[in-house]
Amino acid sequence: MSFRKVNIIVLVLVVVLFLLVLHHNFLGLSSLLRNEVSDSGIVGFQPIDFVPNVPRQAVDGRQEEIPVVIAASEDRLGGAIAAINSIQHNTRSNVMFYIVTLNGTADHLRSWLSSSTLKSIRYKIVDFDTKLLEGKVKEDPDQGESIKPLTFARFYLPILVPSAKKAIYMDDDVIVQGDILTLYNTPLKPGHAAAFSEDCDSASTKVVIRGAGNQYNYIGYLDYKKERIRKLSMKASTCSFNPGVFVANLTEWKRQNITNQLEKWMKLNVEEGLYSRTLAGSTTTPPLLIVFYQQHSTIDPMWNVRHLGKLKKLTKGLTNKEFKCLSSGMGYIQFPLSFLEFDVAFLFLTSTRYNHLALFFSM
């Protein structure tokens, strides 16, 4: 074969490869443009995107829609994407994701969601108005971290999903192993606006106590030296609950004005400092503990197995049976985002196998 013929063949192959890449990119751009539909907003929250595509798995259009609310800040997008992916790959239900973020993060988030594994999900991106928190939160230099506005998004569920009667809230540092429909079908008692997992019932209780301090009862979150707290007659030894994942009856939430009640205690804390000075968890937990004191239902504790990001350090001393309880069979896993680096997050984008997640993080 002559040298000229070889050059012609190489040139043809290069042209074909270029056309294939161009075709692939064109299809991706067309899909993205076709899926962007604007939606009218509500004061304080502005829906930015709506993607009505049918999920990758077959979904019966007659199924009840399951609203799942997840907050996603710029520095935690990897965790949010991993959480969404884990939910999507473990259910055939009609899930609608309400992703709450700040306006500057929307474009970055949209680019992540246009990936090949997640472009088919149904979602809305909702812009959180930080003005809602004015006069309700304050910086505490003793805490060492600045206030993160999106952690309070869970207080405003009826505004985030105004047409829903029921919704699930989840933090962005979770991996879901079970079918989200099972969690959604959690029965709530009459008059209860939400169902949480109580820390004392959690499968990870021993890990929490040994590794995170006094984070399993009310005295770990509230300052019982303050008269206003004492007047509430709440037992300091009452088991606390984890608001990182919960099911909300939004009809009851609205009827009881839960959002207004939470805002009331946020303001009082700014004025009087009602939270514990040795607060072990998020500043969003204390007002929820007050408002829902003995007035909440419970979810299966296997939907709330926490602190697996520190599993190797925290499981020292556990029996094989206790460790097995933590590392297999749970529906919901939560771990600190500091342990979820972006390379791990990308692993979750494509992986559908989470059975050995606990062992993975213990290495």
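## Terms and model

Buried means under 20% relative accessible area, exposed over 50%, and partly exposed in between, with a 1.4 Å probe and protein chains only. Helices (H or I, at least four residues) and strands (E, at least two) are DSSP runs numbered from the N terminus.

This is a predicted model, in which local features need pLDDT of at least 70 and side-chain atom pairs count only at pLDDT 80 or more, while totals for chains, interfaces and linings use all residues. Residues are numbered from 1 along each chain as its sequence is written, and side-chain values use heavy atoms, with hydrogens and water left out.

## Overall composition

The protein has 14 helices and eleven strands. Of its 363 residues, 49% are buried. The exposed surface comes to about 18,000 Å², of which carbon and sulfur atoms supply 56%; accessible areas come from the Shrake-Rupley method with a 1.4 Å probe, and for residues only the protein chains shown count as cover.

Contact means heavy atoms within 4.5 Å. Among contacts between residues at least 6 apart in sequence, 79% join residues at least 24 apart.

Strand β4 covers residues 122–128, and seven of its seven residues are buried, so the strand is largely enclosed by the rest of the structure. In a regular strand the side chains alternate between the two faces of the sheet. In β4, Arg-122, Lys-124, Val-126 and Phe-128 point one way, and Tyr-123, Ile-125 and Asp-127 point the other way.

Strand β3 (residues 95–101) runs parallel to β4, and six bridges join them. Two strands pair if DSSP finds at least two bridges between them. Val-100 has Val-126 of β4 as its bridge partner.

## Strands β2, β5 and β8

Strand β5 spans residues 166–170; four of these five residues are buried, so β5 is largely enclosed by the rest of the structure. Strand β2 (residues 66–71) is joined to β5 by three bridges, and the two run parallel. With strand β8 (residues 241–249), β5 pairs in the antiparallel sense over five bridges.

Tyr-169 takes part in both pairings: Tyr-169 is the bridge partner of Val-69, and Tyr-169 stands opposite Phe-246 in β8.

## Helix α2

Helix α2 is made of twelve residues (77–88), and its end C-alpha atoms are 16 Å apart, which agrees with the 16 Å that they should span at 1.5 Å a residue. The expected span of a helix is 1.5 Å times one less than its number of residues.

Twelve of the twelve residues of α2 are buried, so this helix is largely enclosed by the rest of the structure. Among them are Leu-77, Ile-81, Ile-84 and Ile-87, together with Asn-85, Ser-86 and Gln-88.

## Nonpolar cores

A nonpolar core is a set of buried Ala, Val, Leu, Ile, Met, Phe, Trp, Tyr and Cys residues joined through side-chain atoms within 4.5 Å. The largest has 46 residues, and Leu-157, Leu-222, Trp-253 and Phe-292 have the most contacts inside it. Helix α9 (residues 258–272) gives the largest share of this core, five residues. Apart from this core lies another of 33 residues, among them Val-95, Phe-97, Ile-121 and Tyr-123.

Beyond its neighbours within four places in sequence, Leu-222 is in contact with Ile-229, Met-234, Leu-274, Tyr-275, Ser-276, Pro-286 and Ile-290.

## Helix α9 and its surroundings

The 15 residues of α9 should span 21 Å at 1.5 Å a residue, and the end C-alpha atoms are 21 Å apart, in agreement. Its buried residues are Ile-258, Thr-259, Leu-262, Glu-263, Trp-265, Met-266, Leu-268 and Asn-269. They pack against α4 (157–160), α7 (227–230), α8 (250–255) and α10. Lys-264 of α9 is partly exposed, with a relative accessible area of 47%. Lys-264 and Val-291 are 27 residues apart in sequence, and their C-alpha atoms are 9.9 Å apart in space. Just after α9, Gly-273 takes a positive phi of about 65°.

Thr-285 is in helix α10 (residues 285–291) and counts as buried at 4% relative accessibility. Leaving aside neighbours within four places in sequence, Thr-285 is in contact with Tyr-221, Phe-241 and Pro-243. Arg-230, in helix α7, counts as partly exposed at 47% relative accessibility. Not counting residues up to four places away in sequence, Arg-230 touches Tyr-224 and Lys-225.
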